[in-house]
Amino acid sequence: MISFQNVTKQFPDGTTAVDSLDLTIEPESFTVFVGPSGCGKTTSMRMINRMIEPSSGTITVDGKDIRGVDAVKLRLGIGYVIQSAGLLPHRTVVDNVATVPVLRGDSRREARKAALGVLERVGLDLSLANRYPAQLSGGQQQRVGVARALAADPPILLMDEPFSAVDPVVREDLQAEMQRLQADLKKTIVFVTHDIDEAVKLGDRVAVFGTGGRLQQYDDPQTVLASPATDFVASFVGRDRGYRGLSFRTAADVELHPIRTAVEAELTSLRLEHGEWVLMVTENGAPDGWMDAGGLEAHRNGRSLHECTSAGGSLFVPGGDLRQALDAAISSPSGIGVAVDKSGVVVGGVDATEIIDLLAKQRKQEDRDRMSHGGGAQGR
Ligand SMILES: Nc1ncnc2c1ncn2[C@@H]1O[C@H](COP(=O)(O)OP(=O)(O)OP(=O)(O)O)[C@@H](O)[C@H]1O
């Protein structure tokens, strides 16, 4: 866990880059610092590995005040990826990736072998391993940058605008790769970007920074989009373009999943693991609240159905708009938005991440269409 407690950074010229930051980053989470340029994202991130020291306040990593940890040792447990990949130009790709393990004392042979494994993991064609960085494309260099940061297997990964310099198509590939890697590796990732679409796509938690280095909101991406905490956040996430704009988009492309449902009579034989939910439905198939393992136990102990279920949140119809679908997902205790047909019968469900991914896809498609019709200068 990484924790900022009342952290302020003032540079000698008087600039306050970060102002009274309180923030806790959970282990294995993907946390994105987002905000316009100059609002203190990079400074905040660099204080985690002591590249920058705070003027006041405390930062702890796994409960330890990092002022008491040797900076070099601290950085061995913290991978760092930057926009230009930061590769050593006179070393081959594989030697770039092997750098930290060799510094740490691994033999060159072992480190190179492991480096090839990591390169494969980040999706780089191994025929490129003996090239020099300048002989790679920007996207390939970024993959090497990620591989180099992962080579020492650090529990924490800091990524500062790692994909900003590559073209949108390659960027999408890299983002997808990052999601895949994180599902696998479960690192604690802190990722800086100025792009709200990238932030909500990648982050489990999004910290929106504003002018003067003040944290404006720290929430899951759905909440940042649906309930901006301040006017600054609202305008930054582009409320009209984003959440409100969802009203003008159809939910027809939302792919519905089957939902686990039960009628009351089925509860005697039902099993629910901790964290699982079942949607209670009436004999007619209409939704009647969500039940979890605790509710099921209470029901077996004689409580009435309505005492044992959580209200179901809003509903949406497949032919309706995306805003209703997102609302339904956000307001549902299980995180699954419930879709019903015209007669109110449950037809399936969707979670908020899928809606946000769909939105991102629709927007990208629109951007591409605009570009290919020569209308690239139009606003969105
Ligand atoms: N070494 C420095 N000396 C003085 N001011 C600095 C220094 N480094 C950063 N700043 C200032 O601190 C503020 C925050 O900078 P920071 O780089 O953290 O912002 P950012 O949100 O990451 O923006 P960007 O995306 O443009 O890098 C800015 O006003 C910047 O000019």
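# A guided reading of the chain

Guide: In this predicted model, 58% of the contacts in the protein chain between residues at least 6 apart in sequence join residues at least 24 apart. The chain's secondary structure comes to 13 helices and 16 strands, and buried residues make up 39% of its 380 residues.

Visitor: What makes Val97 a member in contact with Ala147 and Ala151?

Guide: A contact requires C-beta atoms within 7 Å. Val97 meets that cut-off with Ala115, Val118, Leu119, Val144, Ala147, Arg148 and Ala151, its neighbours within four places in sequence being left aside. In the largest nonpolar core, which has 95 residues, Val97 is among those that touch the most other members, together with Ala147, Ala151, Ala325, Leu326, Ala329 and Ile355.

Visitor: Why does this core lie between domain 1 and domain 2?

Guide: Domain 1 (2–247) and domain 2 (253–357) both give residues to the core, so the core lies between them.

Visitor: Which residues of helix 3 are called buried, and what covers them?

Guide: To be buried, a residue needs 20 or more other C-beta atoms within 10 Å of its own. In helix 3 (residues 93–103), the buried residues are Val93, Val94, Asn96, Val97, Ala98, Val100 and Pro101. Their cover includes helix 4 (108–121) and helix 5 (138–151). After helix 3 comes Gly105, with a positive phi near 115°.

Visitor: Why is strand 8 called mostly covered?

Guide: Six of the six residues in strand 8 (residues 188–193) are buried. Thr188, Val190 and Val192 are buried on one side, and Ile189, Phe191 and Thr193 on the other, which accounts for both faces.

Visitor: How do you know that strand 8 pairs with strand 3 and strand 7?

Guide: Pairing needs at least two bridges between the strands. Strand 3 (residues 30–34) is joined to strand 8 by five bridges, and the two run parallel; Val34 stands opposite Thr193. Strand 7 (residues 156–160) is also joined to strand 8 by five bridges, again in parallel, with Ile156 opposite Thr188. Each count meets the requirement of at least two, so both are pairs.

Visitor: What makes strand 12 mostly covered, and what are its partners?

Guide: Five of the five residues in strand 12 (residues 277–281) are buried. Trp277, Leu279 and Val281 lie on one side, Val278 and Met280 on the other. Strand 13 (residues 287–292) pairs with strand 12 in the antiparallel sense over four bridges, and Val281 stands opposite Pro287. Strand 12 and strand 13 form a hairpin with five residues between them, where Gly285 in the turn has a positive phi of about 90°.

Visitor: Why are strand 14 and strand 16 called edge strands?

Guide: The open sheet has three strands in the order 14-15-16, with mixed pairing. Strand 14 (315–316) and strand 16 (346–351) each pair on one side only, and are the edge strands. Strand 15 (residues 336–340) pairs with strand 16 in the antiparallel sense over five bridges, and Ala339 has Gly348 as its bridge partner there. Helix 12 (residues 322–331) lies across strand 14, strand 15 and strand 16, at about 130° to strand 15.

How values were computed. Residues are numbered from 1 along each chain as its sequence is written. This is a predicted model: local features need pLDDT of at least 70, side-chain atom pairs count only at pLDDT 80 or more; totals for chains, interfaces and linings use all residues. A nonpolar core is a set of buried Ala, Val, Leu, Ile, Met, Phe, Trp, Tyr and Cys residues joined through C-beta atoms within 7 Å. A residue is buried if 20 or more other C-beta atoms lie within 10 Å of its own, exposed if 12 or fewer, and partly exposed in between; C-beta atoms are placed from the backbone. Domain bounds come from an automatic or database domain assignment. Two residues are in contact if their C-beta atoms, placed from the backbone, lie within 7 Å. Axes are lines fitted to C-alpha atoms, for helices over the stretch in contact, and angles run from 0 to 180 degrees between N-to-C directions.
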